[in-house]
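Reader: I would like to go through this model by way of its contacts, strands and rings. Please show it, and then I will ask.

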Amino acid sequence: TVSGGELRASGVGAHFEALGPTAINGARLQALNGGVLSLPGVTTFLTQRYAGTFNPDQNLEVTLWRARGENSRIELPNLTSVAVGVTSDRVQVLWHAQAQDGGFIDLSAVTTIVSTNTADGYNRGARVSATGAGSFIDLSALVSMVDNDGEPQSWLEARTGGVLDTRSLGTLTNVDLALDGTSGLDTAQLTSWTGGSSEIDVDGR
């Protein structure tokens with residue numbers, strides 16, 4: 001069990017695998033420079049207060065999952081849901097899954113990503129981004145991504161060669177989309193998209 005805190009694998013040959021049921025609510029995950037984190041026992045994830053990295057200038061706490069660099073991998077093949085929405089104690093709370101420079105994140109069983117409004121007046125948000133050639137996040141089972149916050153903070157982003165596999169995504173609520181002409185993000189199958197905006201750069205700049 002990891003409640004808050006951080007799991008990090010950095011460098012070629014760095015490989016961490018947790019077998020059996022695993023709880024990582026609030027945990028930050030980083031696979032860097034060829035490192036691998038494999039967590040097949042994780043099935044759900046919930047953000048936790050005091051668990052993310054706090055930025056006092058922006059009054060912002062971020063729980064970051066980052067895979068950066070070729071062959072860097074975060075593997076969560078049995079995770080089915082992500083929820084952002086805890087008592088914030090007067091700070092904004094965000095969850096961000098980020099693949100960079102050839103990194104890979106396996107979220108292939110996630111069906112729902114939800115940010116809830118806890119009525120305390122502080123923002124929640126979920127962000128997923130793939131940037132750089134070869135960067136890939138597998139969200140192939142994702143059906144809906146919903147931000148119920150009064151001031152939505154959520155987005156899906158693919159730029160500079162990054163790819164988000166969102167082939168099953170049908171519903172977006174208060175979620176922004178950003179992509180360029182060199183990247184991939186499946187949207188043709190969307191049946192409902194309300195409250196969000198799009199930023200599309202066909203030239204890939």
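Reader: Which side chain does the side chain of S140 join in a polar contact, and at what distance?

Author: The model is a predicted one. In it, S140 sits in the loop between β14 (136–138) and β15. Its side chain makes a polar contact with the side chain of D138, at 2.7 Å.

Reader: Is S140 buried or exposed?

Author: Leaving aside residues up to four places away in sequence, S140 touches S108, D165, R167 and S168. The relative accessible area of S140 is 17%. The limit for buried is under 20%, so with 17% S140 is buried.

Reader: How many bridges join strand β12 to strand β15?

Author: β12 (residues 112–115) and β15 (residues 144–147) run parallel. Within this pairing, V114 has V146 of β15 as its bridge partner. The number of bridges joining β12 to β15 is four.

Reader: Which residue is the bridge partner of L156 in β19?

Author: Strand β16 (residues 154–159) pairs with β19 in the parallel sense, over five bridges. β19 (residues 175–180) is mostly covered, with five of its six residues buried. L156 touches several residues beyond four places in sequence, among them V175, D176, L177 and A178. Its bridge partner in β19 is L177.

Reader: And which residue of β22 is the bridge partner of D180?

Author: β19 also pairs with strand β22 (residues 198–201), in the parallel sense and over four bridges. The partner of D180 in β22 is D201.

Reader: Which element gives the largest share of the largest nonpolar core?

Author: That core has 43 residues, and those with the most contacts inside it include W65, L76 and L156. Among the elements that give two or more residues to it are β3, β7 (60–68), β10 (92–100) and β19. The largest share, four residues, comes from β10.

Reader: How far apart in space are L29 and L7, C-alpha to C-alpha?

Author: L29 lies in strand β3 (residues 28–32), and L29 counts as buried because its relative accessibility is 0%. Its contacts, not counting residues up to four places away in sequence, include L7, W65 and L76. L29 and L7 are 22 residues apart in sequence, and their C-alpha distance is 5.0 Å.

Reader: What is the geometry of the pair formed by the rings of F45 and W65?

Author: A search of the whole structure finds three aromatic pairs. In this one the ring centres are 4.7 Å apart and the planes stand at 70 degrees; over 60 counts as edge-to-face, so the pair of F45 and W65 is edge-to-face. F45 in β5 and W65 in β7 are 20 residues apart.

Key
Residues are numbered from 1 along each chain as its sequence is written. This is a predicted model: local features need pLDDT of at least 70, side-chain atom pairs count only at pLDDT 80 or more; totals for chains, interfaces and linings use all residues. Side-chain values use heavy atoms; hydrogens and water are left out. Buried means under 20% relative accessible area, exposed over 50%, partly exposed in between (1.4 Å probe, protein chains only). Contact means heavy atoms within 4.5 Å. Two strands pair if DSSP finds at least two bridges between them. A nonpolar core is a set of buried Ala, Val, Leu, Ile, Met, Phe, Trp, Tyr and Cys residues joined through side-chain atoms within 4.5 Å. A polar contact is a pair of N or O atoms within 3.5 Å; within protein, one must be able to donate a hydrogen and the other to accept it, and residues adjacent in sequence count only if both atoms are side-chain atoms. Rings of Phe, Tyr and Trp (its six-membered ring) pair if their centres lie within 6.5 Å; planes under 30 degrees apart count as stacked, over 60 as edge-to-face and the rest as tilted.
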